Amino acid sequence: MDVRLAAFQRLLDIMDELRAKCPWDSVQTFDTLRCLTIEETYELSEAIVDKDYKDMCKELGDLMLHLVFYAKIASEEKLFDITDVLNQLCDKLIRRHPHIYGEAQAQDAQQVHENWEKIKLQKEGNRSVLGGVPKSAPSLVKAYRIQEKANGVGFDWHNKDEVWEKVEEEMAEFRTEVEKQSDKMEDEFGDVLFALINYARFLHINPDDALEKTNRKFIRRFQYIEDKAKEQGVKLTDMSLEQMEEYWQQSKQSE
């Protein structure tokens, strides 16, 4: 047997045994696992950002366990089983890659993306191009995916300069509402973020990745200030803003 198939079969067998004999595994449901799955997904995401490939391997295993777990519970409730999951996935991959498994042509990734959106609408019964964007996705990720999907059917700006003009337009509108302290400030701020995310997309920057790197950079520099405060034996709250800024600049230079 192929070692890959043998490893997968081993996992399925272990899942069966745990479900039958383990007090914890035997009482889990779709609902009890859901939050744990989200947590595992974030842990995988963190390993990817850190480029910690050893940890990535471990986190992929944890996530794989959850996928098999859901399929096991579903099979017990006679909803579907792991075979249905895998066959449905294989059918979808073949259907969405007609340039590989059919006669369609696709010379680049953009053309593949456009074909996907057409297939989803014409052959898979999606009522909206945006129907595949999860409602529960984080807002930053959701905005990026909305823009990608609109792009897939040709609803997009022609170039990044046009998008930047839109960013400047939204910034001006936001500033106007801030000056008036109107109840439209929040809406206009949202428009600014949406426009900036769009601009990032045109620059091939994933805004969620970019923001996460900035978050980590801020944490690293702020903790440098905390370390310096400890070295001096003073509380962070007793340091002046000027002192903290000096250490902030030192942290930047050390990077």
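How close do the axes of helix α10 and helix α11 come, and at roughly what angle do they cross? They come within 9 Å and cross at roughly 120°. Keep in mind that this is a predicted model.

**α10 with α11**
- Helix α10 covers residues 207-232 and helix α11 covers residues 241-254.
- Angles over 145 degrees count as roughly antiparallel and 65 to 115 as roughly perpendicular, so at roughly 120° this pair gets the label oblique.
- The crossing here is right-handed.
- On the α10 side, the residues that meet α11 are F218, R220, R221, F222, Y224, I225, K228 and Q232.
- Their partners in α11 are M244, Y247, W248, Q250, S251 and K252.
- Sorted by class, the contact of α10 with α11 has seven nonpolar, three polar and four charged residues.

**α8 with α9**
- For helix α8 (residues 160-180) and helix α9 (residues 185-202), the axes come within 9 Å and cross at roughly 165°.
- With that angle, α8 is roughly antiparallel to α9.
- The handedness is left-handed as α8 passes α9.
- From α8, the contact draws on K160, V163, W164, K166, V167, E170, M171, E173, F174, E177 and V178.
- From α9, it draws on M185, E188, F189, D191, V192, A195, L196, N198, Y199 and F202.

**α1 with α3**
- Helix α1 (residues 3-21) and helix α3 (residues 53-76) have axes that come within 10 Å and cross at roughly 55°.
- That makes α1 and α3 oblique to each other.
- α1 goes past α3 in a right-handed crossing.
- α1 supplies F8, L11, L12, M15, D16 and R19, while α3 brings M64, L65, V68, F69, K72, I73 and E76.
- No polar residues turn up in the contact of α1 with α3: the count is nine nonpolar and four charged.

**A look at α4**
- Helix α4 runs over residues 82-95, which is 14 residues.

Conventions: Residues numbered from 1 in each chain as written. Predicted model: local features only at pLDDT ≥ 70, side-chain atom pairs only at ≥ 80, totals over all residues. Heavy atoms only, no water. Helix = DSSP H or I, 4+ residues; strand = E, 2+ residues; numbered from the N terminus. Expected span 1.5 Å × (residues − 1). Axes fitted to C-alpha atoms, helices over the stretch in contact; angles between N-to-C directions. Parallel < 35°, antiparallel > 145°, perpendicular 65-115°, else oblique. Left-handed = near helix turned anticlockwise from the far one by under 90°. Contact = heavy atoms within 4.5 Å. Nonpolar A, V, L, I, M, F, W, Y, C, P; charged D, E, K, R; others polar.
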